[in-house]
Amino acid sequence: MSQQQSQEETGMMPSQQQQPHVLLVSFPLQGHVNPLLRLGVRLAAEGLLVTFTTFRHAGLRALPDDDDDAAGPRIRFEYLRDVSPSDDDDARYYQDPSDMLRHVADVGPAALAGLIRRQAGAGRPVTCVVNNPFVPWALDVAAGTGVPCGAMLWIQSCAVLSLYHHFYTSPEAFPSDADPGAPVLDAPGLPTVAADELPLMVRPEYARNLWGDMLRAQLGAVGNKKTKTLSWVLVNTFYGLERSPIDALRTHTPVAPVGPLLEHDQDLHDGGGDLAVADDDDDGDGCMAWLDAQPPRSVVYVAFGSLVSIGRGEMVAVAEGLVATGRPFLWVVRNELLPEGALAACGGGKGKGKVVSWCPQGRVLGHGAVGCFVTHCGWNSIAEALAAGVPMVGYPWWSDQFTNAKMLVEEYKVGVRLPAPVTRDGLRACVDEVMSGPHAAAFRMRAAAWKGEAAASVADGGSSDRNLQAFVEDVRRCHEKRGSEEGGGRRIDSSGGIAIST
């Protein structure tokens with residue numbers, strides 16, 4: 001067969017045929033998709049061929065179409081299933097996260113196996129599968145289809161990973177039905193954690209639900225010497241931020257901080273950027289221009305993520321509290337979650353605030369006008385705020401957010417926690433404390449220091465950059481070894497050579 005015939009049959013250029021191929025498999029929620037895509041952008045910039053897959057549905061913002069012709073430092077997209085809102089048979093599963101979890105677990109493994117086989121048939125066999133939480137079956141499928149190595153991107157903090165690891169190895173140290181208020185005293189690398197500061201999936205009422213079972217399955221592969229496919233646990237954090245839990249975990253788990261994983265200014269189609277700005281120049285209904293008109297460090301930015309719904313009464317209280325601060329504010333909330341009373345309390349669009357249904361959060365947090373971030377304490381949001389040097393008011397709602405709130409107040413020392421339920425005066429008091437109270441200058445100083453450490457970690461030669469480079473080299477070794485193996489189909493143990501940078 002001539003080289004030209006080979007290229008025509010595979011649809012690949014010679015450089016793509018020679019590239020190690022990394023397949024990213026994400027659970028189809030926005031907070032899971034974004035950090036995995038950002039990792040993919042970095043891997044593609046290192047010369048790896050990167051394909052991203054998930055179940056595309058209406059709830060995910062601006063995912064591009066399937067792309068089989070990618071070239072240069074960009075990401076290919078091939079979906080396990082493309083769900084149209086008009087397709088009632090599939091679309092109904094994506095209205096509720098728990099229904100989504102069940103559906104993805106039912107149909108995902110066969111769909112992923114087919115995708116991996118198609119990649120091999122097209123001349124781009126997968127060298128490494130990287131999944132994120134709640135798709136644990138991706139690593140089993142990778143092993144079963146002969147993919148030589150695999151990794152997990154842990155999208156929460158190392159502190160939370162330490163709690164989960166401790167829970168699955170020493171469950172007696174955690175609250176139980178008999179003693180639901182017991183604190184956790186000896187999680188590796190962590191201070192004492194009160195029962196109401198624990199992530200939900202280690203609390204008695206949640207540990208055996210579907211989400212808890214999926215997480216147990218995912219983390220069960222970590223540190224299991226029989227699981228040769230999983231040799232890396234990449235973490236969206238940086239060493240300076242979580243030194244103690246990282247050092248404690250590395251004796252049990254191959255954790256490698258590669259964060260913070262942040263959005264880039266470039267469009268994804270131009271070789272960088274974030275999912276949310278991949279298809280247009282939307283800046284969230286003019287929010288960037290609005291910020292340009294505000295004084296430095298004057299704006300209260302409020303966003304509770306894509307899943308949190310705090311209820312009508314609390315939404316009105318948030319609106320009243322923001323107005324009561326007397327400060328300009330930018331509030332991101334989906335239209336269907338905003339009751340009429342809340343919008344009226346904000347001045348109906350004529351006051352000092354601006355209410356939008358979406359904004360480019362990384363760009364907003366990096367704007368000099370933003371002085372405080374009122375957040376649900378999702379880890380992506382915490383990491384973005386630390387990287388931007390913005391102090392926070394934390395209002396945790398579910399999952400890992402309770403632990404994140406504890407850490408931002410007690411360990412990172414960049415803000416305060418808002419008591420639940422939200423009240424007008426409670427929110428006003430917390431914002432005032434962070435922006436103009438006696439500790440405001442200290443909050444800003446520590447936030448600025450974290451910004452500097454975050455930037456240094458991902459810069460050339462920084463700790464996160466070195467970990468990423470070590471991972472890329474391990475993927476290349478897998479690719480080269482498989483190419484040299486007779487038949488190219490034998491399993492390869494790539495668990496050696498892992499070095500976590502500090």
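Reader: I'm looking at helix H18. Which of its residues are buried?

Author: Keep in mind that this is a predicted model. The buried residues of H18 are Ser463, Ser464, Asp465, Asn467, Leu468, Ala470, Phe471, Val472, Asp474, Val475, Cys478 and Arg482.

Reader: And how far apart are the end C-alpha atoms of H18?

Author: They are 32 Å apart. Helix H18 covers residues 463-484, which is 22 residues, and at 1.5 Å a residue it should span 32 Å, so the two values agree.

Reader: Okay, on to sheets. What holds strands together in general?

Author: Strands of a sheet pair through backbone hydrogen bonds, in either a parallel or an antiparallel way. Here, seven strands make an open sheet with parallel pairing, and the order is S4-S2-S1-S6-S7-S8-S9. At the edges sit strand S4 (75-77) and strand S9 (255-257), each pairing on one side only. On average, neighbouring strands of this sheet are turned by 25° against each other, ignoring direction.

Reader: Can we zoom in on one pair? How many bridges link S1 and S6?

Author: Four bridges, with strand S1 (residues 21-25) and strand S6 (residues 128-131) running in the parallel sense. To find one of them, go to leucine 24, whose bridge partner in S6 is valine 130. Then look for helix H6 (residues 137-144), which packs on the sheet and touches S1, S6, strand S7 (149-154) and strand S8 (230-235). The direction of H6 makes about 170° with that of S6.

Reader: What about the inside of the protein? Where do nonpolar side chains tend to be in soluble globular proteins?

Author: They tend to be buried together. In this model, the largest nonpolar core has 92 residues, and Leu112, Trp154, Tyr301 and Tyr412 have the most contacts inside it. Take tryptophan 154: beyond its close sequence neighbours (up to four places away), its contacts include Pro133, Leu161, Tyr164, Leu219 and Val233. Apart from the largest core, there is another one of 34 residues, with Leu24, Leu36, Leu48 and Phe52 among them.

Reader: Let me try single residues. Is valine 318 buried or exposed, and why?

Author: Valine 318 counts as buried because its relative accessibility is 1%, and the cut-off for buried is under 20%. You'll find valine 318 in helix H11 (residues 312-325). Leaving out neighbours within four places in sequence, valine 318 is in contact with Phe304, Ile310, Trp331, Val422 and Leu427.

Reader: And serine 381, buried or exposed?

Author: Buried, because its relative accessibility is 6%. Serine 381 lies in helix H14 (residues 379-388). Setting aside residues up to four places away in sequence, serine 381 touches Gln361, Phe373, Thr375 and His376.

Conventions. Residues are numbered from 1 along each chain as its sequence is written. This is a predicted model: local features need pLDDT of at least 70, side-chain atom pairs count only at pLDDT 80 or more; totals for chains, interfaces and linings use all residues. Side-chain values use heavy atoms; hydrogens and water are left out. Two strands pair if DSSP finds at least two bridges between them. Helices (H or I, at least four residues) and strands (E, at least two) are DSSP runs, numbered from the N terminus. Axes are lines fitted to C-alpha atoms, for helices over the stretch in contact, and angles run from 0 to 180 degrees between N-to-C directions. Contact means heavy atoms within 4.5 Å. Buried means under 20% relative accessible area, exposed over 50%, partly exposed in between (1.4 Å probe, protein chains only). The expected span of a helix is 1.5 Å times one less than its number of residues. A nonpolar core is a set of buried Ala, Val, Leu, Ile, Met, Phe, Trp, Tyr and Cys residues joined through side-chain atoms within 4.5 Å.
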